[in-house]
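Here is a report on one protein model with several chains. Keep the structure in view as you read, and check each feature by eye.

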Protein chains: 4
Amino acid sequence: MISVGIVGGTGYTGVELLRLLLRHPNVQVNVLTSRTEDGRRVDDMFPSLRGHTDLCYSDLNIDELKKCDVVFFATPHGVAMKHAEELVAANTKVIDLAADFRLQDLEQFEKWYGMQHACPELLKDSVYGLSELNRDKIKNAQVIGNPGCYPTTVQLGLAPLFKQAEVLVKPESIIIDAKSGVSGAGRKASLGMIYSENSDNFKAYGVAGHRHQPEIVEALENISGLKDVFDHIVFVPHLVPMIRGMLSTIYVDLTDAGDALDLQALYEQFYANEAFVDVMPANSSPETRSVRGANQLRIALYKPQPKKLVILSVQDNLVKGAAGQAVQNMNLMFGFEEDAGLQGIGLLP
Amino acid sequence: MISVGIVGGTGYTGVELLRLLLRHPNVQVNVLTSRTEDGRRVDDMFPSLRGHTDLCYSDLNIDELKKCDVVFFATPHGVAMKHAEELVAANTKVIDLAADFRLQDLEQFEKWYGMQHACPELLKDSVYGLSELNRDKIKNAQVIGNPGCYPTTVQLGLAPLFKQAEVLVKPESIIIDAKSGVSGAGRKASLGMIYSENSDNFKAYGVAGHRHQPEIVEALENISGLKDVFDHIVFVPHLVPMIRGMLSTIYVDLTDAGDALDLQALYEQFYANEAFVDVMPANSSPETRSVRGANQLRIALYKPQPKKLVILSVQDNLVKGAAGQAVQNMNLMFGFEEDAGLQGIGLLP
Amino acid sequence: MISVGIVGGTGYTGVELLRLLLRHPNVQVNVLTSRTEDGRRVDDMFPSLRGHTDLCYSDLNIDELKKCDVVFFATPHGVAMKHAEELVAANTKVIDLAADFRLQDLEQFEKWYGMQHACPELLKDSVYGLSELNRDKIKNAQVIGNPGCYPTTVQLGLAPLFKQAEVLVKPESIIIDAKSGVSGAGRKASLGMIYSENSDNFKAYGVAGHRHQPEIVEALENISGLKDVFDHIVFVPHLVPMIRGMLSTIYVDLTDAGDALDLQALYEQFYANEAFVDVMPANSSPETRSVRGANQLRIALYKPQPKKLVILSVQDNLVKGAAGQAVQNMNLMFGFEEDAGLQGIGLLP
Amino acid sequence: MISVGIVGGTGYTGVELLRLLLRHPNVQVNVLTSRTEDGRRVDDMFPSLRGHTDLCYSDLNIDELKKCDVVFFATPHGVAMKHAEELVAANTKVIDLAADFRLQDLEQFEKWYGMQHACPELLKDSVYGLSELNRDKIKNAQVIGNPGCYPTTVQLGLAPLFKQAEVLVKPESIIIDAKSGVSGAGRKASLGMIYSENSDNFKAYGVAGHRHQPEIVEALENISGLKDVFDHIVFVPHLVPMIRGMLSTIYVDLTDAGDALDLQALYEQFYANEAFVDVMPANSSPETRSVRGANQLRIALYKPQPKKLVILSVQDNLVKGAAGQAVQNMNLMFGFEEDAGLQGIGLLP
């Protein structure tokens, strides 16, 4: 049993971490912080937890966090980087669900997040926590930058194409039309997020620029080993009137080599040993509800036109896109079974 | 053509007033105020109005409002009563969609709304704007207190029973189990109102006490001429994951006289000449979508057990429960056709 | 490990049983039947199960079912009673999620379900499977009639009042205003159930009579030992635009004795040792999402007026109201931990 | 006043036609047919119409239809073409909301709709009813093929680019990622359409091929005068958990000429005189709710990357995408004001 702390336990990713960790066989959650709810029982705030825990919120106390084996930051951007060095010095591992340790490019970080990085040295040693692609590095990491939700669907959706000897696709042709449920925007009082503004409605947002674009670009560069070719990919996110769920529809132009290959077989092989990535049979249409509450990403492939590939990549943004992937990373870091605490079957309907 | 002002044009009742008034044949909207959006085009904020108006928001300027024939207050409680006397003195009529002119009982007003009334004398002369029951008084009113949404469903649902020579029901037995869409809570940044907190969810709220309870009690006393018998009625509102719509399920114990009567016929006769109250045939189940966007209230009656009456009363909370009824009152006050601007058919689906 | 069969594996209760049983530590699902999908993999139909099972549907084969230790019927009414005798003779236990073994009153059964009972003798020996109230009988039962969803909320909501020496409430005053998500209507092609007919809409249904009314009456008679006093209770179900979740708002008149008691304490004591019934603190408002996917029923009490009690009783209709309760019964019948396979925390949001 | 008939009055487009035509100043609806509801009052089926009409359904009687000035077919594909010749011979105009008169290419029609065309000669004389692009031909047409919902968003979204002397875009680069509310699938009992299968869910469908693809191709050829260059455009529709609304996100590669132009100005000029096409200001994000219930299509443009144009095109699929556009066509055919009966402001929220 390791001792776990969660900083920021009143948001959706925080309570989702709790849902997973309170039933995890190797873990004891000992610290749960909140700036505003100090002393309050967490199950008073989230009655779904009644009967499962006696935890109370406490103010962030770095000494208490240092006693933990690992601390998750389910906080706004910029919090984890303020505490990470001290925690690492105390031999406490850090998993940040915000963006502090996602981008290695400091300039991009400052441009998109509007703040200077607090610990650039530690950032260099940190590991980008996409378990399936960085498994070995994650096992030895002290600090994990847990991927953004959209970038998770895109990377796992595209990785098999860029891990081949041949050039299968034209990287500059990539268009990502992404759709997310509303919980991706977090749990905060905001006019744009209220029910009557979002229900029975659909729209694009962030078309002129979204923070996940530089993360996608950097990640694809790392996956492919190619530089500069992803700078002009197009990424348009949309907001779906549903709570959980994310679907990225990815369009790529195939090269002749890519067009000639059996890409369905390629993907199936690539993910054959992955518990949490499911390549669906040809002609499938992955639905977000098929992963509701589950740490699972499902992929389907189509070639609707010659030399055109469409990749459908679906996940629960709060699980594989956030808290579940964070737990998966923790499992790797501590040598637990990778699927420990993550075996639950999603709710359908 | 009369000149109309709207104070508070950024909330849902304000924009609903605009939707109705911009197509009203006898009306020109000349003033639209907002504390926060001064100078902004209203169709920039609400693109559904693009092509229908060039109106801009302005700060509340009492002199501009005095030039109007009538001013609607689609504001929080306590605003209309601060300006009503000055407007009335300038011969400008006032229709308040908040609670300032709903309760004649000052003590109740102060208890439930936490403020002193600013113009008790004017309150006495004001008229409670339930068009169907107070038509004659409304025609001559200078100030209208537009009814609350829940109280509208309850009064129109119960009125026929209390307007008879005989005692048909036991007033102390009344139980109102009411359900409202989320737009009833207004358009404001509030954690409890965000999409992910309300979608795919159902709950009661305000069970220990709701501001519409004293309004219902006072209104039923006025309708029936009975005092003290409604003090202990039970009113439990619930929140439905939908934008618009309200259904009150009202339970009453019948007297022997009430049990013996043909209540379906009684209701049909009572509302025979009302354009906006529809008594549905026996065994109907009025759905909220049947009145979506329409100034219409529909009623159905059931006697599931001997001497038990169940009344289903349904409306669009933003129309017959707010903006539509306000326009209906205006029509009465200015001698327009009562249904002018209110003939639109609701959206189904 | 016991061997389990599920008859009717294409409906929502069937797939919910699978979700729970595939992760149950003491159980192996060996048979899953469907009239229409013989030979098809269940995870082809329900991709949320991909990676969790290799089960295929088969036609109902009574010899295969006899090899099971227990068979769940997640079928329309009238199926289980045709096979139960043969299964019991083979020492296979039966848990019916439909109505065949709910009502002991054959006349009522025939009136409300429009069919003759196929095995009245076995019905007499069957046990009504409300785990909390019938635990001892369930342990020794061969055949269980799993309660209806509405009756579960009502019985657990009212039981503490009727298990006292004193008469606390007036039984004839009971009014149940119940609200259910749409999944309660099952998974079938029906015009009234399609999305555009139900979304953004609210209505009552079955006001003139609903099959769960006689079940509620019989159950309350059994709980209280009182006859004839519940015949005229009022039960009005409503349809909420959400998938899962059920809230019953129950109104009762208290006697002087009931009014004098601390009912909050009474309820808390009554359910003190129950894992799956949660009496919330005073002034709570149980939300359906607090039990989404969990085998949990939550209760809150209010006294909004003297001698009036309001009971709010909430559950996931597919779990505590159907499949979860069925698994809870199975656990009791086979001596497993009562919460085996039922410890999952619900999804919030 | 002209006399109007509607064939197929029980589907969503039929009842939407009624909603618009019952308040149209120049029209009297005299015939409303249904195969299944002969003799039933339409407001019994759709209570939203109570108080607005006394119409009853009748069986399709060609002699009654011939007395009409115009007949709308809100029927499945293949119905209108069986009756159109006889109606035209009787000088009755025909507006088909299904696909019978959309495709001039008979081979494509037979391939995608699985039936032979019943009146190829009349088809040649029929006019494709996209009002903004075919206004003059529509004015003189006897038979109108009302466009499909997706093709309407695509054509109006792309037309300005293809009506220029210069080549602005690479036609073969077009990718259409389209999203529709569920009402687009019609009003029929179908398992895939029920509430619990669609709510809180998102998916693509028809990726391997959708009937609107050949319509889009043929239409773009007609608009641009170019042949063969659109054959390989990619069109992927998705299903959004909302009732009404459609958003197409269209991606095109610009030529150098296109990249150099002020496309925002180009679009604004192109649609400057169109009442029902709204080019929103730069950086707008058109939401489906901004056109809910309104005969309006809104467009916004983005250039997120060099030489990449993203067009957002939004409408209410039942109005501008179906019934509203049909009424607009009727207005043109009979010389009414083009916006007669179509001035209603959409519901927001």
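## A helix on a parallel sheet

Helix H4 (residues 80-89) of chain C lies across S3, strand S4 (93-96) and strand S6 (143-145) of chain C. H4(C) runs at about 175° to S3(C). Axes are lines fitted to C-alpha atoms, for helices over the stretch in contact, and angles run from 0 to 180 degrees between N-to-C directions. Contact means heavy atoms within 4.5 Å. Helices (H or I, at least four residues) and strands (E, at least two) are DSSP runs, numbered from the N terminus.

What is the strand order of the sheet with parallel pairing? This open sheet of six strands in chain C reads S2-S1-S3-S4-S6-S5. Its edge strands are S2 (27-33) and S5 (127-128) of chain C, and each pairs on one side only. Two strands pair if DSSP finds at least two bridges between them. Strand S1 (residues 2-7) and strand S3 (residues 70-73) of chain C run parallel and are joined by four bridges. C:Gly5 has C:Val71 in S3(C) as its bridge partner.

## How the model is read

This is a predicted model: local features need pLDDT of at least 70, side-chain atom pairs count only at pLDDT 80 or more, and totals for chains, interfaces and linings use all residues. Residues are numbered from 1 along each chain as its sequence is written, chains are lettered from A and ligands numbered from 1 in the order in which they are written, and side-chain values use heavy atoms, with hydrogens and water left out.

## The mixed sheet

Chain C also has an open sheet of seven strands, with mixed pairing. The order is S8-S9-S7-S10-S13-S12-S11. At the edges are S8 (203-204) and S11 (277-279) of chain C, each pairing on one side only. S8(C) and strand S9 (residues 234-239) of chain C run antiparallel, joined by two bridges. There, C:Lys203 stands opposite C:Leu239 in S9(C).

A helix lies across this group too. Helix H8 (residues 149-162) of chain C lies across several strands, including S7 (175-180) and S10 (246-253) of chain C. H8(C) runs at about 40° to S10(C).

## Chains B and C

Two copies of a chain are related by a rotation about an axis and a shift along it. For chain B and chain C, the rotation is 180° with 0.0 Å of shift along its axis, and the RMSD is 0.0 Å. The two copies are thus related as by a two-fold rotation axis. Copies are superposed by least squares on the C-alpha atoms of residues with pLDDT of at least 70 in both.

How many residues does each chain give to the contact? Chain B gives 46 residues and chain C gives 46 residues. Together they bury about 3,700 Å², 57% of it on carbon and sulfur atoms. B:Asp200, B:Phe202 and B:Tyr251 supply 17% of the area that chain B buries against chain C, more than any other three residues. Buried area is the accessible area (1.4 Å probe) that two parts lose on being put together, summed over both. Eight salt bridges link chain B and chain C. A salt bridge is a side-chain nitrogen of Lys or Arg within 4 Å of a carboxyl oxygen of Asp or Glu. One of them pairs C:Asp177 with B:Lys179, the closest N and O atoms being 3.1 Å apart.

## Chains D and A

A rotation of 180° with 0.0 Å of shift along its axis also places chain D on chain A (RMSD 0.0 Å). Here 45 residues of chain D touch 45 residues of chain A. The buried area is about 3,700 Å², and carbon and sulfur atoms give 57% of it. Eight salt bridges cross this interface. Among them is A:Glu197 with D:Arg289, at 2.7 Å from N to O.

## Backbone exceptions

Most residues other than glycine have a negative phi, and most peptide bonds are trans. The bond from B:Leu348 to B:Pro349 is cis, with omega near 0°. B:Pro349 sits in the segment after helix H13 (319-333) of chain B. D:Leu348 and D:Pro349 are likewise joined by a cis peptide bond, with omega about 0°.

B:Asn283 is not a glycine, yet its phi is positive, about 70°. B:Asn283 lies in the loop between strand S11 (277-279) and S12 of chain B.
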